[in-house]
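Subject: Structure handover

Hello,

Here is the structure you will be working with. Please open it beside this message while you read my notes.

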Amino acid sequence: MSTDTVDLTRLTDPLNRADPYPVLRELALASPSRTAEGLMLIGRHADCSAVLRHPAMSSERERARLSPNAKGPRTRNFLHLDPPDHTRLRRLVVKAFTPRVVAALEPRIRGAADELFSEAAAKGRFEVVSDLAYPLPLRIMCELLGVPFADRYLIQDWSAKLSEALEPPLPGLVAPRATAQAAQARAEFIQYFRDLIAERRTDPRDDLVSQLVRVEESGDRLDEHELLATCILLINAGHETTVNLISNGVLALLRHPDQLELLRRQPELSGQTVEEVLRYDAPVQVTSRVAREPVALSGSHAQEGDFLVLLLGAANRDPDVFPDPDRFDILRPTGAPHLSFSAGPHFCLGAGLARLEVRIAFELFASRMVNPRLAAAGLSYKPNLSLRGPDRLEVAYEGIR
Ligand code: HEM
């Protein structure tokens with residue numbers, strides 16, 4: 001490992017926002033490396049994959065020795081827990097997202113997506129983020145959990161504030177204003193779900209919140225704090241990420257009209273398209289782990305207590321794994337695994353659901369939009385580093401079928 005330090009905050013430079021991949025390539029080539037604050041940066045696919053699967057790599061970030069902001073857990077949902085608590089809590093919800101349960105949602109998702117395109121057609125304009133990418137996954141997660149969709153704007157607002165603060169613990173990366181807003185949003189989220197849980201206790205329904213309330217009441221597998229943390233995790237993880245995958249994908253297709261045309265002619269390529277977008281422009285760019293003991297990495301070692309920042313977006317463009325990695329190619333063989341859904345014990349629980357929602361969104365975009373183009377000045381990005389995606393993506397078109 002080089003003794004020179006690297007600067008992760010280059011990625012937050014607005015000049016690198018639209019295309020962070022040249023900087024990510026440099027950071028990956030220099031990795032494993034350290035920031036001036038002592039965080040370890042990992043960008044090669046082999047290292048990221050090994051860290052995510054390594055039993056000595058902890059998801060309990062507060063174990064870190066050096067990280068300046070990681071004084072305590074930001075939330076104790078199971079994304080931030082190790083076994084045995086992680087295993088116990090994940091097991092309680094995994095049944096709600098099995099391939100069979102997810103496949104049965106297809107007609108509902110298709111119906112909801114179709115409606116959104118028709119609404120946009122009636123309105124006469126199509127802004128991907130607010131007209132499709134937010135409402136589709138949020139509606140489905142609300143239905144699964146039993147959260148009234150009428151509350152979507154509250155949830156969207158709280159989620160966006162939590163996401164903005166979900167960055168690696170480096171000074172200056174999260175503005176104090178964003179940290180304060182996230183704390184406020186978390187408090188409001190907790191109160192919201194406290195009220196919903198109380199309602200479901202007296203009036204249970206056929207939804208995931210009611211099921212979790214039953215588990216809590218039936219014994220010692222889930223306490224009330226864990227119930228709240230799980231609800232908040234699911235509603236957030238279940239849409240804030242998928243939003244970015246839909247928007248990043250539509251943008252990639254608009255910028256590669258030959259690929260969009262290919263998808264329009266061969267809708268059966270939609271599954272492959274989803275995988276290529278996940279690889280090409282990962283919605284979750286960064287995750288992290290803390291080493292519980294020394295772990296060997298390519299040409300280096302993580303020491304006990306090291307905070308490791310994993311650059312998933314860089315790993316997905318590692319030329320050792322993906323030939324010609326900067327090319328967007330929906331015909332790319334899907335054998336080499338991208339890391340956009342992570343790997344190992346924390347592999348995304350909702351990957352199957354996300355894949356289905358986004359496959360349907362892409363199929364309908366290709367089939368229903370007539371001659372779509374990126375509108376002039378139609379694109380701007382959210383400021384987040386970890387969760388990457390546009391906050392506005394305006395499409396010019398000749399019609400919506
Ligand atoms: C975990 C990405 C959609 C629920 C994760 C992780 C990633 C990820 C990278 C693991 C982070 C780590 O290892 O540190 C994504 C992406 C999505 C998506 C890119 C969409 C494109 C969803 C959906 C759900 C969901 C629709 C709905 C249930 C979860 C949960 C975890 C998780 C509960 C925690 C799993 C665990 O800790 O065991 N996701 N996700 N995600 N995701 Fe997703």
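In what order do the 6 strands of the open sheet stand? The order is 1-2-3-9-6-4, and the pairing is mixed. Strand 1 (5-6) and strand 4 (57-58) each have a single partner strand and stand at the edges, so one side of each lacks a neighbour in the sheet.

Before going further, some ground rules. This is a predicted model, in which local features need pLDDT of at least 70 and side-chain atom pairs count only at pLDDT 80 or more, while totals for chains, interfaces and linings use all residues. Residues are numbered from 1 along each chain as its sequence is written. Helices (H or I, at least four residues) and strands (E, at least two) are DSSP runs, numbered from the N terminus. Two strands pair if DSSP finds at least two bridges between them.

The sheet
Strand 6 (residues 286-291) and strand 9 (residues 307-311) run antiparallel and are joined by 5 bridges. In one of these, Val-286 has Leu-311 of strand 9 as its bridge partner. Helix 2 (residues 21-30) packs on the sheet, where it touches strand 1, strand 2 (33-35), strand 3 (40-42) and strand 9. Touching, or contact, means C-beta atoms, placed from the backbone, within 7 Å.

Helix 12
Helix 12 (residues 224-237) has 14 residues, which at 1.5 Å a residue should span 20 Å; its end C-alpha atoms are 20 Å apart, in agreement. The expected span is 1.5 Å times one less than the number of residues. Of the 14 residues, 10 are buried, including Leu-227, Cys-231 and Ile-235. Buried means 20 or more other C-beta atoms within 10 Å of a residue's own; 12 or fewer is exposed, and in between is partly exposed. The buried residues of helix 12 pack against helices that include helix 4 (85-94), helix 10 (176-202) and helix 13 (240-255).

Glu-127
Glu-127 lies in strand 5 (residues 126-127). With 17 C-beta neighbours inside 10 Å, Glu-127 counts as partly exposed. Leaving aside residues up to four places away in sequence, Glu-127 touches Arg-392, Leu-393 and Glu-394. Glu-127 and Asp-391 are 264 residues apart in sequence, with their C-alpha atoms 9.8 Å apart in space.

Regards

How values were computed: Contact = placed C-beta atoms within 7 Å. Axes fitted to C-alpha atoms, helices over the stretch in contact; angles between N-to-C directions.
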